[in-house]
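Keep the sequence and the 3D view open while reading.

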Amino acid sequence: MSRAPSSAAGPGAGSGQGSAPGKVILLGEHAVVYGHPALAGALSQRIFVEVAADAAGPCVYLTSGESAPAELVSAFGAMAAELGLGASLRATVRTELPLGGGLGSSAALGVALARALCEAAGQPCPPGRAAYLALHLERVFHGAPSGVDPAVCALGGLILFTRAQGSAPEAVVTLAPGRPLHVLVALTGIARGTRRTVLPLAARREERPALYDPLLSALGELARGGADALVRGDLADLGVRFDAAHGILAALGVSCTELDELCAALRRDGALGAKLTGAGGGGAALALAQDAAQARVLEQKARARGVQCFAARLGPEAQSG
Ligand code: MEV
């Protein structure tokens, strides 16, 4: 569905702008849903949102003029209502991130919308508030989000995230890598919504907790130790953890042939480790490089095989905004 955005202004509605980066999960995806830690990093590619008055609102358009799905529009309306804004608002979205590619586009969109709406409402939007508001959108895409994606998209940099559980509050630790962290992000080209892997895994675990819980705990341990390795600058250790995590994620049933083959090829190319990143079932793979030069070599080799990919440096320099 598409139409040209209307410019009719609604009474009292403000305007605002916001942006947020995409993300990769280095270790701990899926396990984080069950209370284990996950290690996540922001990318430099961002999503940008402009909010303006529109009597036909709430509505959300991509810069191409294409309208967003109805459930996303209603999540936008709910976010605006929570900030005391009326429904007469239009959001226009420009993205540098592939949508539905496993790189946090839904969380980045949620955080960018939260920032734009807060500006329109004349309210501050610190990272915790942006991440909280972004959960409106995450629930549309995820079903059962842990909150790690909006947390890293709102904070930027590298974080170790543990969701709130019982009386224990959410824990977010920002990390400074002991050595520059260079990775290759390689896309399978298969867009698969996060709920398509999160919810079936929840059903499998519900049926056989004795089989699945130790695997999820092991992923959490890999993330916890991975955070230590990252801070020490022990890239070899981190790479081994990538490979181990991919094996466990495959055992949990959230990988696919394309991801398995992509990771195997990236290891053959010389990556220190390679794994699926995010929800899996398609989306993207993440390979760890020794340094920037090796990341470029990995990129060239993957591109020569026709893989869409980009090299990235993770860490505090991939700023939030
Ligand atoms: C998706 O990036 C990460 C998952 O663990 C889902 C979540 O934590 O919300 C698969």
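For sorting residues by class, Ala, Val, Leu, Ile, Met, Phe, Trp, Tyr, Cys and Pro count as nonpolar, Asp, Glu, Lys and Arg count as charged, and the others, Gly among them, count as polar. By that sorting, the shell around the ligand holds seven nonpolar, four polar and three charged residues. The model is a predicted one.

**The ligand and its surroundings**

- The ligand sits in the largest pocket.
- Two elements each give two or more residues to the shell around the ligand: β1, residues 16-27, and α4, residues 148-155.
- There are 14 residues around the ligand, and those that come nearest are K23, H30, H142, S146 and D149.
- In the side chain of S146, an N or O atom is 2.6 Å from an oxygen atom of the ligand.
- A polar backbone atom of H30 is 2.8 Å from an oxygen atom of the ligand.
- For K23, a polar side-chain atom lies 3.1 Å from an oxygen atom of the ligand.
- On its own the ligand has 300 Å² of accessible area, and the protein covers 99% of this.

- H30 is placed in the loop between β1 and β2.
- Is H30 buried or exposed? H30 has a relative accessible area of 5%, and a residue counts as buried under 20%, so H30 is buried.
- The phi angle of H30 is near 70°, which is a positive value in a residue other than glycine.
- Most residues other than glycine have a negative phi.

**Two prolines in loops**

- P37 is found in the loop between β1 and β2, where β2 covers residues 38-53.
- P37 has a relative accessible area of 3%, so it is buried.
- P37 and L97 are 60 residues apart along the chain, and their C-alpha atoms are separated by 25 Å.
- P58 has its place in the loop between β2 and β3, the latter being residues 59-62.
- The peptide bond that joins G57 and P58 is cis, with omega about 0°.
- Most peptide bonds are trans.

**A side-chain contact between two loops**

- D269 is found in the loop between α8, residues 257-268, and β8, residues 273-277.
- R305 is in the loop between α9, residues 292-304, and β10, residues 308-314.
- The side chains of D269 and R305 are joined by a polar contact of 2.9 Å.
- What is the relative accessible area of D269? The value is 14%, so D269 is buried.
- R305 counts as partly exposed because its relative accessibility is 40%, and that class lies between the cut-offs of 20% and 50%.
- R305 and A236 are 69 residues apart in sequence, and their C-alpha atoms are 26 Å apart in space.

**A histidine in a helix**

- H246 lies in helix α7, which covers residues 235-251.
- H246 is buried because its relative accessible area is 6%.
- From C-alpha to C-alpha, H246 and P200 are 18 Å apart in space, and in sequence they are 46 residues apart.

How values were computed:
Residues are numbered from 1 along each chain as its sequence is written. This is a predicted model: local features need pLDDT of at least 70, side-chain atom pairs count only at pLDDT 80 or more; totals for chains, interfaces and linings use all residues. Side-chain values use heavy atoms; hydrogens and water are left out. A residue is near a molecule or strand if one of its heavy atoms lies within 4 Å of it. A polar contact is a pair of N or O atoms within 3.5 Å; within protein, one must be able to donate a hydrogen and the other to accept it, and residues adjacent in sequence count only if both atoms are side-chain atoms. Accessible areas come from the Shrake-Rupley method with a 1.4 Å probe; for residues, only the protein chains shown count as cover. On a 1 Å grid over the protein atoms alone, a cavity is a set of points where a 1.4 Å probe fits but cannot get out, and a pocket is an open set with protein on both sides within 12 Å along at least five of seven lines; lining residues have an atom within 4 Å of a point. A molecule sits in a cavity or pocket if more than half of its atoms lie within 2 Å of its grid points. Helices (H or I, at least four residues) and strands (E, at least two) are DSSP runs, numbered from the N terminus. Buried means under 20% relative accessible area, exposed over 50%, partly exposed in between (1.4 Å probe, protein chains only).
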